[in-house]
Amino acid sequence: MASISRFCCVHMRASLCNFTAQKGPSPPTTLDLEHHKTTPCLLSSIEEGRAVNRRQLILHTPVAVAAFAVPNALALNDVSEDVRVYTDDENKFKIEIPQEWQVGTGDGESSGFKSITAFYPTVASNSNVSVVITGPGPDFTRMESFGKVDEFAQTLVSGLDRSWRKPPGVAAKLIDCKSSDGIYYIEYSLQNPGESRRYLYSAIGMASNGWYNRLYTVTGQYVEEETDKYASKVQKVVASFRFI
């Protein structure tokens, strides 16, 4: 049975990095990704328990990503007045994002990632969606390799919870989970003492690029005070993720 040991989060806000706006001749937009040491949100590591030969699979390690640079041939197609489709032909996925949101991509090879893509509002916000791609290793061929979605979600959230410590740490609560078309959907909340509650909605799936399997972790997050403004948008973006 697989268990999850750590998560890490990439927190986005507009600041000081090279970024090119998607529309019009406006000057470059800037982006800074700030590592949140105490607010986990991306799949970190999975290890097999109770077996004599314990094997640890590192999926994500805590890392501060300095910059996202927008690729020259970015595929963004308008589908309505409110939504457009981002298509990544190289990494074989597509996702629908709000028209006004920006896109940033980064090469995470030095941190163990295959690819990192971020989607975030133009205005300063604690809400965003990210797609992180990693290599799960030969022992993991489908999501069921990590266990059924219920046990996967329960182990994930209980592994994140530190509310029992003295002094208390982050409180993690599972809200819902389900499996659909080979993708695990997990909704949960995290709250550090004295801070706003953060809601996270993740879609985790596996696909092959023709040579080896890759694990896709799509994570949307928003803070409690931004629920009315961003909750529906974040959930729709994550739910729209598809392999191509």
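The model is predicted, so local features need pLDDT of at least 70 and side-chain atom pairs count only at pLDDT 80 or more, while totals for chains, interfaces and linings use all residues. Residues are numbered from 1 along each chain as its sequence is written, and side-chain values use heavy atoms, with hydrogens and water left out.

Start with the overall build. The chain has two helices and 15 strands. Helices (H or I, at least four residues) and strands (E, at least two) are DSSP runs, numbered from the N terminus. Of the 244 residues, 50% count as buried. Buried means under 20% relative accessible area, exposed means over 50%, and partly exposed lies in between (1.4 Å probe, protein chains only). Contact means heavy atoms within 4.5 Å. Among contacts with a separation of 6 or more, 54% join residues 24 or more positions apart.

Now look inside. In soluble globular proteins, nonpolar side chains tend to be buried together. A nonpolar core is a set of buried Ala, Val, Leu, Ile, Met, Phe, Trp, Tyr and Cys residues joined through side-chain atoms within 4.5 Å. The largest one here has 25 residues. Those with the most contacts inside this core include Phe93, Phe119 and Val218. Elements that each supply at least two of its residues include β7 (93–98), β10 (128–134) and α2 (227–239). Helix α2 gives the most, with five residues.

Take valine 218 as an example. Leaving aside neighbours within four places in sequence, valine 218 is in contact with several residues, among them Ile95, Val129, Tyr201 and Phe241. A second, separate core has 20 residues, including Phe140, Ala172, Tyr184 and Leu215.

Next come the charged pairs. A salt bridge is a side-chain nitrogen of Lys or Arg within 4 Å of a carboxyl oxygen of Asp or Glu. By this rule there are three. Lysine 233 pairs with glutamate 100, with the closest N and O atoms 2.9 Å apart. This pair links distant parts of the chain: lysine 233 sits in helix α2, and glutamate 100 sits in the loop between β7 and β8 (102–106), 133 residues apart. Lysine 233 is partly exposed at 31%, and glutamate 100 is partly exposed at 39%.

Glutamate 224 forms a salt bridge with arginine 197, at 3.4 Å between the closest N and O atoms. Glutamate 224 lies in the loop between β14 and α2 and arginine 197 in the loop between β12 and β13, so the pair ties together parts 27 residues apart in sequence. Glutamate 144 forms a salt bridge with arginine 142, at 3.7 Å between the closest N and O atoms.
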